[in-house]
Amino acid sequence: MKTLRTQVLIVGGGPSGLLLGQLLHRAGVETLILERQTADYVLGRIRAGVLEQTTADLLDQAGVGARMHAEGLVHDGFELLVDGQRHHVNLRELTGGKTVVVYGQTEVTRDLMAARTAAGLPTLYSASEVSLHGFDTDHPSARCVVDGEAIEVHCDYIAGCDGYHGVSRASVPQGAIRSYEKVYPFGWLGLLSDTPPVGHELIYGRHERGFSLCSMRSNTRSRYYLQVPLTEQVGDWSDDRFWDELRRRLDPAAAGALVTGPSLEKSVAPLRSFVAEPMRFGRLFLAGDAAHIVPPTGAKGLNLAASDVHYLSQALIEHYRERSQAGIEHYSARCLSRIWKAERFSWWFTSLMHNFPDEADIDAKLRRAELEYLVGSEAALRVMAENYVGLPW
Ligand code: FAD
Ligand code: DHB
């Protein structure tokens, strides 16, 4: 068996793991990343698209913000489309100057991978049979198989950045972890196309046929989503069927402005709220989707992963520089306080904008009243905007 040694072993080479690796590297802390998939597979997953200002700042701090500044689109607001009427939510005005940046998770990941390669930092791709050991002792380690060769890695700490289906959370003894979960009775069917976006800003739409979202990756690439039943198969959705259904859920002006084209990618994502507590077990930390999932409506998933990584990198840097345990001790509580607020916002926005099958009449009436109140009250819009741009760290 081959034996390796590093200071911080990072399990998972998605945005959380890569960003943590980059921040630690800049502070002189050694890392090794174990990633189950190939780099191309990781880059092929189309996911989030909206970055909070704090996430953008963290990418700058990691030294990977240049392309985001050059190519990302700063958005001052978005539109809420409620039963045919569009309402502008001016984030900049409602929050005293805050905005978001539209820059895809794929591009963030590509920039982080390029920086890691340029710095000559080690990532073992296609690492299978990853198992974690001894994280309740002072000598944690991991084992895996790469290209048929068994590898053992000794380290000071393990960062579990391996997403919802990863090995890290699954390695924690059942009695030591508590999880909270809500599964929504619908999914999002997403379509990516090389067509100009329907408008300058995102449109979040509520309609009796279901939720829709008009988003984008650039001025020439669009990302659209439709609420669909969980039973829906992506193979049953031709591009034409998708475009027809989207048009039906938009107002006449947006439907008329919609430019359609062949899809580059189509997939269905389930919607879930999930939190695991705590987020540290001895020398194992969970970060990002490994610890929590939000339904995508508020665009919080990737941004929450970034705030975990911010707290974790600070804790580890403080430990190596000052021999302080304070950040490590407080890691879980610091993350969870922000996570639960983002969970609340994502659940609220999801509940407000989607159709719930078998909903009681009174619930439908209450939701309608809440929507009417929201679009008619500057105070309510301010609360929404404050959460959408991201709560402070
Ligand atoms: P991931 O991106 O899941 O990365 C984890 C990495 O760990 C993966 O590369 C995986 O291959 C690797 N891994 C897993 N198991 C192992 C193992 N045993 N050993 C080694 N490596 C392992 N957020 C939004 O804000 N907006 C969206 O529109 C949006 N859409 C989404 C659509 C889908 C289908 C999904 C799943 C998520 C979506 N999200 C969205 C959420 C957002 O993409 C995530 O919050 C973000 O990817 C979290 O990053 P992460 O690095 O923590 O986890
Ligand atoms: C995107 C996804 C979201 O969940 C969201 O709220 C905004 C944008 C996107 O993929 O572009």
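Colleague: How are two packed helices described?

Modeller: Two packed helices are described by the angle between their axes together with the distance between those axes. In this predicted model, the axes of helix α1 (residues 15–26) and helix α10 (residues 301–322) come within 9 Å and cross at roughly 30°, and the crossing of α1 and α10 is right-handed.

Colleague: Which residues in α1 meet which residues in α10?

Modeller: From α1, the residues P15, S16, L19, L20, L23 and L24 take part, and they meet L302, A305, A306, V309, L312, S313, L316 and I317 of α10. Sorted by class, the contact of α1 with α10 has 12 nonpolar residues and two polar ones, with no charged residues.

Colleague: Turning to ligand 2, which residues around it come nearest, and which strands each supply at least two residues of its shell?

Modeller: There are 15 residues around ligand 2, of which Y204, S215, R217, Y225 and P296 come nearest. The strands β16 (212–216) and β17 (222–228) each supply at least two residues of the shell, and by class that shell has eight nonpolar, four polar and three charged residues.

Colleague: Where do N or O atoms of the protein lie relative to the oxygen atoms of ligand 2?

Modeller: A side-chain N or O atom of Y204 is 2.6 Å from an oxygen atom of ligand 2, and for the side chain of Y225 the distance to an oxygen atom of the ligand is 2.6 Å. From T297 it is a backbone N or O atom that lies 3.1 Å from an oxygen atom of ligand 2. Of the 290 Å² of accessible area that ligand 2 has on its own, the protein covers 97%.

How values were computed
Residues numbered from 1 in each chain as written. Chains lettered and ligands numbered in written order. Predicted model: local features only at pLDDT ≥ 70, side-chain atom pairs only at ≥ 80, totals over all residues. Heavy atoms only, no water. Near = heavy atom within 4 Å. Polar contact = N/O pair within 3.5 Å; in protein donor to acceptor, adjacent residues only side chain to side chain. Areas by Shrake-Rupley, 256 points an atom, 1.4 Å probe, with all protein chains shown as cover. Helix = DSSP H or I, 4+ residues; strand = E, 2+ residues; numbered from the N terminus. Nonpolar A, V, L, I, M, F, W, Y, C, P; charged D, E, K, R; others polar. Axes fitted to C-alpha atoms, helices over the stretch in contact; angles between N-to-C directions. Left-handed = near helix turned anticlockwise from the far one by under 90°. Contact = heavy atoms within 4.5 Å.
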